[in-house]
Amino acid sequence: MQNLSEAKIGKTYSIVGFDDFLSVKVLRRLCDLGLTKGQKVTVTHRSLLKKAILFEIRGYMLSLKTLLAKGVLVE
Amino acid sequence: MKRKISSSNCSFFDKEVLLVGNPNTGKTTLFNKLTGANEHVGNWHGVTVEEKGKTFDCFGQKIRLVDLPGIYSLSALSYEEQVAIDYIRAHPKTKIINICDINNLQRNLALTLGLLEMGADVILAVNKTSKNPINKVDFLGLEKQLKIPVVEIEANKTQGLEKLKELVLLPFSPSPVPEYAKKLTNQTDVFSAIKVLEHDENFLQKNAPLPPKSTIELVANARYNYISFLQKKFFTSSQKVYGKSKLDKILLNRFLAFPIFLLVLAGIFYLTFFSLGKWLSDGLNFLLDISFGNWIEKFCFSVFGQNSWITHLFCDAIIDGVSSVLTFLPQVALLFGFLSILEDSGYLSRVAFASEDIFGKIGLSGKSIYTLLMGFGCSTTAILTARNMEDKNSKIKTALATTFISCSAKFPIYVVIGGAFFGANNVFVIMFLYLLGLAAAILMCAMLEKTVLKSKEQSFILEFPPYRMVGAKRTIKVLWENVKQFLIRVGSLLLSMNVIVWVLSNFSFDFSFVLESGKMSMLEGFGKVLAPIFVPLGFGSYGAASALIAGFVAKEVILTSIAMFNNLSDSQSIGNSLKDPSSMVFFPSPASALSFLVFSLLYCPCLSSAVVLRKEVGKKWCFVGIVVQFVVAYLMALLVFNVMRGVEMFGFWATVGVIAAFATIVFALFKVISVFKKKNGCGNCRGCK
């Protein structure tokens with residue numbers, strides 16, 4: 001198990017849970033956006049200093065601050 | 001130039017209908033189509049940041065349609081979302097048109113389910129259906145399953161709008177609450193119970209036990225499981241991913257992304273200021289000069305006589321003042337046109353992604369780049385978009401930073417004054433000023449982040465829209481809209497401001513006409529009190545000081561006042577007059593001209609920006625922002641003036657040497673301080689621990 005920020009580009013992972021450090025508000029938003037357990041994600045890009053990460057989920061593209069991606073556990 | 005900030009329509013209406021949907025699904029497009037309004041749209045999530053209402057005729061009934069900012073669910077994260085959710089909550093017995101993007105139906109339906117849980121009366125309008133959508137949907141089946149009316153629309157055209165209008169007229173009746181939601185809660189008030197499970201602050205009771213955090217996931221799973229069920233039954237999806245594009249291989253390349261963005265910006269500024277825009281502007285200048293100006297002048301001479309105050313009012317305030325800015329019409333319109341193309345293309349989300357590296361560090365978010373870019377057009381409307389921020393302090397910082405950005409009202413000043421003193425090198429002066437504005441904005445944010453306005457929970461969660469070709473028709477429409485707004489602004493605000501400044505500069509305190517009585521004008525009186533403040537900056541004439549005061553109302557007024565004071569209308573001769581010691585506004589050297597430009601760029605927000613700023617960030621931070629701006633402007637102008645004077649007196653390299661030495665000393669000092677801080681103080685006392 002690792003978190004989304006460590007995911008390899010181009011590889012597909014599935015979400016297994018969320019780290020406790022995510023605030024209620026952010027967790028709720030990620031859930032609203034369709035990041036639910038078992039959901040497939042594929043990372044496609046990182047920014048220059050790796051502060052942001054871009055991935056496919058549920059048929060659309062979503063970008064996240066890497067700090068938040070650390071709270072999304074995948075395998 | 002401003003877009004309409006709000007257009008409340010207080011006239012009588014029979015019924016209200018809300019437009020609700022995810023960001024960037026076409027709510028405002030539909031709003032414009034139905035009501036004939038002309039609200040701003042773009043390919044970015046969060047263009048609409050406040051509610052906008054307008055009545056339209058729907059088969060004889062007056063319906064007030066309310067366009068709301070886009071939301072993902074009924075719990076807000078950013079400020080514009082809060083606006084939408086508050087409005088929905090305050091109008092429970094109102095019909096809702098829920099717009100969904102067919103290409104991203106899964107996630108869009110999550111909001112639909114949220115609305116159904118609330119017991120709203122929902123019409124589901126599925127948008128963007130005409131252009132080979134990613135999902136093919138069995139609309140009838142979906143309608144039967146959800147038990148709400150489902151309409152297939154294309155808001156850009158008129159497809160499906162008639163059917164939508166018919167549905168709007170039906171009386172209010174709450175849509176059925178989905179079964180999964182009832183099972184989830186076992187309570188009569190399903191919506192409140194679900195919101196408690198979701199830990200929504202507005203629904204949690206003070207003393208009631210908090211459910212575990214995992215219930216948030218529970219609710220989302222229930223919703224998305226239901227959506228998966230719907231998808232299996234009623235959609236056929238192609239494997240395409242919405243918003244994914246091969247262009248991103250280059251435009252989002254880790255190393256190329258930022259350079260490409262800078263290149264795009266440079267291209268826009270080059271086209272606006274130096275090639276296309278300049279030709280158009282010169283052409284307009286020529287036309288204005290030979291027709292409009294001369295004609296009014298001759299007319300006044302013959303009717304009122306050469307020395308009457310009416311002739312002076314027309315010639316000075318109207319011809320000289322207004323036409324000095326009017327010639328910049330093509331350039332301003334072009335700049336806004338380019339910004340809108342940038343916004344429509346979908347490229348800005350990519351820029352925001354790449355800028356997260358920088359902006360995250362100073363407590364903003366990549367999304368701030370949108371606000372700052374819009375600031376190149378008009379800071380008043382740009383400040384409002386700071387509502388895209390999730391964190392309160394980030395919002396304040398973004399809004400304050402925007403006021404430093406060089407807006408379209410400021411560049412005529414650079415072109416005229418800079419052009420006179422720097423000639424062909426003015427390209428670099430203008431570039432320097434734009435970069436200085438940006439640098440000042442970033443520095444201020446960095447300082448605020450380190451001191452009083454640390455961002456606590458700024459997140460960056462941004463959905464990527466697909467790239468979109470920007471059509472010629474839409475571009476022309478945007479350009480025309482901007483030309484119109486510019487003319488209105490010149491004709492109303494700038495003209496009336498000019499008349500005020502003219503009266504102040506031509507009448508003495510006992511209201512006698514200065515040219516006849518020879519007394520001191522009111523403006524001279526005020527200006528002379530303030531002028532000494534600017535002596536260290538190199539422009540101590542009372543004319544320059546008065547122009548800056550008048551410029552608080554609108555930045556163009558700085559230029560129109562100078563044109564009026566020096567009695568000239570075309571930019572070439574205004575420029576030359578600035579070098580002439582006998583004119584009212586006079587700069588003794590290029591150093592003082594540049595210092596004036598730097599000061600005009602930074603010194604304060606214009607009146608309308610200040611009003612919006614106060615509304616958005618509160619009295620205290622608005623005041624702090626303005627004071628900081630003035631201080632920064634003063635210090636920067638002082639620095640630029642003295643460095644430039646150094647170059648003039650001692651030569652370029654000597655000055656560079658002195659600055660480098662000075663910078664090294666400051667840098668060394670900072671280093672020493674940080675070393676001491678790291679080692680828990682210097683060891684002489686225990687104070688630092």
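The model is a predicted one, in which local features need pLDDT of at least 70 and side-chain atom pairs count only at pLDDT 80 or more, while totals for chains, interfaces and linings use all residues. Residues are numbered from 1 along each chain as its sequence is written, with chains lettered from A and ligands numbered from 1 in the order in which they are written.

Strand β3(B), residues 61-67, is mostly covered, with 5 of its 7 residues buried. A residue is called buried if 20 or more other C-beta atoms, placed from the backbone, lie within 10 Å of its own, exposed if 12 or fewer do, and partly exposed in between. On one hand, β3(B) runs parallel to β1(B) (residues 15-21), joined to it by 5 bridges, and Leu18(B) stands opposite Val66(B). On the other, 7 bridges join β3(B) to β2(B) (residues 52-58) in an antiparallel arrangement. Here Phe56(B) stands opposite Ile63(B), and Cys58(B) faces Gln61(B). The two strands β2(B) and β3(B) form a hairpin with 2 residues between them, and Phe59(B) in the turn has a positive phi of about 50°.

A further sheet brings the two chains together. It is open, has 7 strands in the order β1(A)-β6(A)-β2(A)-β3(A)-β4(A)-β5(A)-β9(B), and its pairing is antiparallel. Its edges are β1(A) (2-3) and β9(B), each with a single partner strand, so one side of each lacks a neighbour in the sheet. At the chain A end, β1(A) pairs with β6(A) (residues 72-74) over 2 bridges in the antiparallel sense, and Gln2(A) has Val74(A) as its bridge partner. Where the chains meet, β5(A) pairs with β9(B) (residues 461-463) over 3 antiparallel bridges, and Leu64(A) has Ile461(B) as its bridge partner.

Across the interface as a whole, 31 residues of chain A are in contact with 41 residues of chain B, contact meaning that the C-beta atoms, placed from the backbone, lie within 7 Å. On the chain A side, the elements giving two or more residues are α1 (24-32), β3 (40-46), β4 (52-57) and β5 (60-65), and the largest share, 8 residues, comes from α1(A). By class, this side has 14 nonpolar, 7 polar and 10 charged residues; Ala, Val, Leu, Ile, Met, Phe, Trp, Tyr, Cys and Pro count as nonpolar, Asp, Glu, Lys and Arg as charged, and the others, Gly among them, as polar.

The buried ones are Val26(A), Leu27(A), Arg28(A), Arg29(A), Leu30(A), Cys31(A) and Asp32(A). Their cover includes β2 (12-18), α2 (66-69) and β6 of chain A, together with α3 (105-117), α8 (214-234) and β9 of chain B. Just after α1(A), Gly34(A) takes a positive phi of about 100°.

Elsewhere in chain B, helices α14(B) (residues 347-361) and α15(B) (residues 368-377) pack at an angle of about 110°, with their axes 8 Å apart. This makes them roughly perpendicular (65 to 115 degrees, whereas under 35 counts as roughly parallel, over 145 as roughly antiparallel and the rest as oblique). The contact has 6 nonpolar, 2 polar and no charged residues, including Leu348(B) and Phe359(B) of α14(B) and Tyr370(B) of α15(B).

Conventions
Two residues are in contact if their C-beta atoms, placed from the backbone, lie within 7 Å. Helices (H or I, at least four residues) and strands (E, at least two) are DSSP runs, numbered from the N terminus. Two strands pair if DSSP finds at least two bridges between them. Axes are lines fitted to C-alpha atoms, for helices over the stretch in contact, and angles run from 0 to 180 degrees between N-to-C directions.
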